[in-house]
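Please open the model in your viewer and keep the selection tool at hand. We will go stop by stop.

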Amino acid sequence: MGTLDDDRARIQNASDDAKKDVNADPVSDESGSHPIGTGVGAVGGAAAGAALGSVAAGAAIGSTAGPVGALVGGAVGAVVGGIAGHATAEEMNPTVEDAYWRENSVNQPYYSATKGMYPDLDYDRDYRDAYRIGYENRSAYGPDARFEDAEPDLRSKWEQTKAESRLSWEEAKQAARDSWNRIRY
């Protein structure tokens, strides 16, 4: 397995087309920003901040300040949540993970075995979402969670998102497990 620095170096030395495919930052050549992680954090933070702000302001000033407290709390919560969401996304960069698995999937024994069944096996069609299921869902389970504990949920997500992939969950789960295990806290 390569390190994050190795992955960044591959992106920085890639062609312009490859950088576009991995959403590389146009200024730094680093992999792109994390609008999903930031957005999810901002929405969650805004909701929590609004609830806490409403209660705190209402208790401190009286019940009429609840809506004002909700607005202030929501704004502060959105900023703090956005920062937290971006930080969480930085720990797992989907652009880097996709680039890593695009390059390394062909070296996995299960990929070779599956290629025997599907000679036209294609990363984008058949395996990309399987890897994505593992690395995008890892952080939701905490640092001590085992893949086996999350497998029923991940299987369900696979069945919903596999699109045109021909892989069954039994074929896809090895890729999901590998990408799950690659993510470290």
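The tour below moves from the whole chain to single side chains.

This is a predicted model, where local features need pLDDT of at least 70 and side-chain atom pairs count only at pLDDT 80 or more, while totals for chains, interfaces and linings use all residues. Residues are numbered from 1 along each chain as its sequence is written, and side-chain values use heavy atoms, with hydrogens and water left out.

**Whole chain**

Start with a cartoon view. The protein has 9 helices and 0 strands. Helices (H or I, at least four residues) and strands (E, at least two) are DSSP runs, numbered from the N terminus. Now show the surface. Of the 185 residues, 38% count as buried. Buried means under 20% relative accessible area, exposed over 50%, and partly exposed in between (1.4 Å probe, protein chains only).

**The core**

Select Trp101, Tyr110, Tyr127, Tyr131, Leu154, Trp158 and Trp169. Of the 24 residues in the largest nonpolar core, these touch the most other members. Such a core is a set of buried Ala, Val, Leu, Ile, Met, Phe, Trp, Tyr and Cys residues joined through side-chain atoms within 4.5 Å. Colour α5, α6 (109-117), α7, α8 and α9: these elements give two or more residues to this core. The largest share, 6 residues, comes from α7. In soluble globular proteins, nonpolar side chains tend to be buried together.

Stay on Tyr110. Which residues does Tyr110 touch, not counting residues up to four places away in sequence? They are Trp101, Tyr127, Tyr131, Gln174, Ala175 and Asp178. Contact here means heavy atoms within 4.5 Å.

**Rings**

Show the aromatic side chains. Rings of Phe, Tyr and Trp (its six-membered ring) pair if their centres lie within 6.5 Å; planes under 30 degrees apart count as stacked, over 60 as edge-to-face and the rest as tilted. By this rule there are 9 aromatic pairs. Pick Tyr141 and Trp180. Their ring centres are 5.5 Å apart and their planes stand at 50 degrees, so the pair is tilted. Tyr141 sits in the loop between α7 (123-137) and α8 (147-161), and Trp180 in helix α9 (residues 169-182), 39 residues apart. Tyr141 is partly exposed, at 28% relative accessible area. Trp180 is buried, at 1%.

Next, select Phe147 and Trp169. This pair is stacked: 6.5 Å centre to centre, with 10 degrees between the planes. Phe147 lies in helix α8 and Trp169 in helix α9, so the pair ties together parts 22 residues apart in sequence. Both residues are buried.

Then find the cluster. Ring pairs link Tyr100, Trp101, Tyr110, Tyr111, Tyr123, Tyr127 and Tyr131.

**Helix α5**

Zoom to residues 94-104, helix α5. Buried residues here include Thr95, Tyr100, Trp101 and Asn104. Arg182 lies over the face of Tyr100, 3.6 Å from the ring centre. For a charge to sit over a ring, NZ of Lys or CZ of Arg must be within 6 Å of the ring centre and within 35 degrees of the ring normal.

**Last stop**

Select Ala163, in the loop between α8 and α9. Ala163 has a positive phi of about 50 degrees, although it is not a glycine. Is Ala163 buried or exposed? Ala163 is exposed, with a relative accessible area of 67%.
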